[in-house]
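I opened this entry to keep a record of what I looked up in one model. I wanted the fold counts, the pocket, the salt bridges and a few single residues.

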Amino acid sequence: MTDLATQPVRSPRAGGEPDAANARARIHPWRVVVGILLVLVVVQIVVFLVTNERFDWPVVAEYLFNPSVLMGLGMSIMLTIVGMVLGSILGTGLAAGQLSEFLPLRWACIVFVGIFRGVPPLVQLIFWYNLAYLLPRISAGVPFGPELFSWPTNDLITPLTAAIIGLSLHEAAYMAEIIRAGILSVDSGQRDASAAMGFSGWHSFTQVVLPQAMRVIIPPTGSQVIALLKGTSLVSVIAMGDLLHSVQVIYNRTYEVVPMLIVAVIWYLVVVTALTIVQRRVERRFSRGMSRTVAVRRIVARTEAAS
């Protein structure tokens, strides 16, 4: 018995030996049954969406391209970009610190990552928004010495800055672990070989280690971008004008809660789908050599199993 998905036929030229080139797909009855059930479920969902008048699709169409909704969408995308850029930069430094041989720096980075991964982002946003309770004024000067500059905290920590700080620090903690795992996935022999060829530490990292680490870094990073985009909806609790807050302002006035939430869902799905397409293309670019190797191995394995 064999678990192959194809059933080879006998080749008359090979004296009855199986020929993988003439293999036919094996019919799996349970797959047919599951496929039919999935089609029925999809049809039922479509009928429910179309026939239920409470979805109020004309209202959805009316507000889908509303200027305030589009402004909220732009703010969500902007927060995603800024949070991801700042989080990646800080996360790279934290990853390098965790891999450092300098023990105090390593423990400082480990504690930072542990705290900001453990505290929920919603709690962080509320905390930074209310920072003035702890620090009425933010000052700059010599440590334990004279104060040079001072600003009221409420003037600096606006909903926008609180959102950027909270999302960036939360993202930095996750990106630090992703980048650290990617760097550790590269065999240490690669660094030794590049050093033997006369590469400097920086060139060894950028030309040898990083391209190989990107195969591990890219997939979870793409997922983090999508998670951050959806996480921007949390900033609505601090009156930040993101996509969710924009539709909330409208349905608080019109009481059309479900249609306005559907407007937000549609835009989230559109942006997430676009990000997913970009992520897949970037993954293919960084795994071109690896994908060809895996494909060749699969062909060889199928041929050997059929013979």
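My notes follow, by topic.

**Ground rules**

I am working with a predicted model, in which local features need pLDDT of at least 70 and side-chain atom pairs count only at pLDDT 80 or more, while totals for chains, interfaces and linings use all residues. Residues are numbered from 1 along each chain as its sequence is written, and side-chain values use heavy atoms, with hydrogens and water left out.

**Chain overview**

I looked up the secondary structure and found twelve helices and four strands in the chain. Helices are DSSP runs of H or I with at least four residues, strands are runs of E with at least two, and both are numbered from the N terminus. The chain has 307 residues, and 29% of them are buried. I use buried for under 20% relative accessible area, exposed for over 50%, and partly exposed for what lies in between (1.4 Å probe, protein chains only). For contacts I take heavy atoms within 4.5 Å. Of the contacts in the chain with a separation of 6 or more, 67% are between residues 24 or more positions apart.

**Largest pocket**

I then went to the largest pocket, whose volume is about 280 Å³. The search runs on a 1 Å grid over the protein atoms alone: a pocket is an open set of points with protein on both sides within 12 Å along at least five of seven lines, whereas a cavity is a set where a 1.4 Å probe fits but cannot get out. Grid points are joined across faces, edges and corners, and the volume is the space filled by probe spheres set on the points. Lining residues have an atom within 4 Å of a point.

Which residues lie nearest the centre of the largest pocket? They are Ile-218, Thr-221, Gly-222, Val-225 and Val-282, out of 15 lining residues. Helices α7 (159–184), α9 (201–231) and α11 (257–286) each supply at least two residues of the lining. The largest share comes from α9, with eight residues. I sorted the lining by class and got eleven nonpolar, four polar and no charged residues. Nonpolar here covers Ala, Val, Leu, Ile, Met, Phe, Trp, Tyr, Cys and Pro; charged covers Asp, Glu, Lys and Arg; the others, Gly among them, are polar.

**Gln-224**

Gln-224 is placed in helix α9. Gln-224 is buried at a relative accessible area of 15%. Leaving out residues up to four places away in sequence, I list its contacts as Met-84, Glu-171, Tyr-174, Met-175 and Ile-178.

**Salt bridges**

How many salt bridges does a search of the whole structure find? It finds two, taking a side-chain nitrogen of Lys or Arg within 4 Å of a carboxyl oxygen of Asp or Glu.

One joins the side chains of Glu-177 and Arg-117 at 3.7 Å, N to O. That pair links distant parts of the chain, with Glu-177 in helix α7 and Arg-117 in helix α4, 60 residues apart. Glu-177 is buried at 18% relative accessible area, whereas Arg-117 is partly exposed at 39%.

Arg-180 also forms a salt bridge with Glu-177, with the closest N and O atoms 2.9 Å apart. Arg-180 and Glu-177 are three residues apart in helix α7, so about one helical turn separates them. Arg-180 is partly exposed at 24% relative accessibility. Through shared partners, the salt bridges join Arg-117, Glu-177 and Arg-180 into one network.

**Helix α5**

In α5 (residues 121–129) I find Gln-124, Leu-125 and Trp-128 buried. They cover an arc of only 100° around the axis, so they are on the same side of α5. The arc is taken from the directions from the helix axis to the C-beta atoms. The buried residues of α5 pack against α4 (103–118) and α7.

**Positive phi and one spacing**

I checked backbone angles last. Most residues other than glycine have a negative phi. Asp-56 has a positive phi near 55° and lies in the loop between α1 (29–51) and α2 (57–63). Asp-56 is partly exposed at 30% relative accessibility. Ala-239 has a positive phi of about 60°, and its place is the loop between α9 and α10.

Gln-248 is in helix α10 (residues 243–254) and is partly exposed at 21% relative accessibility.
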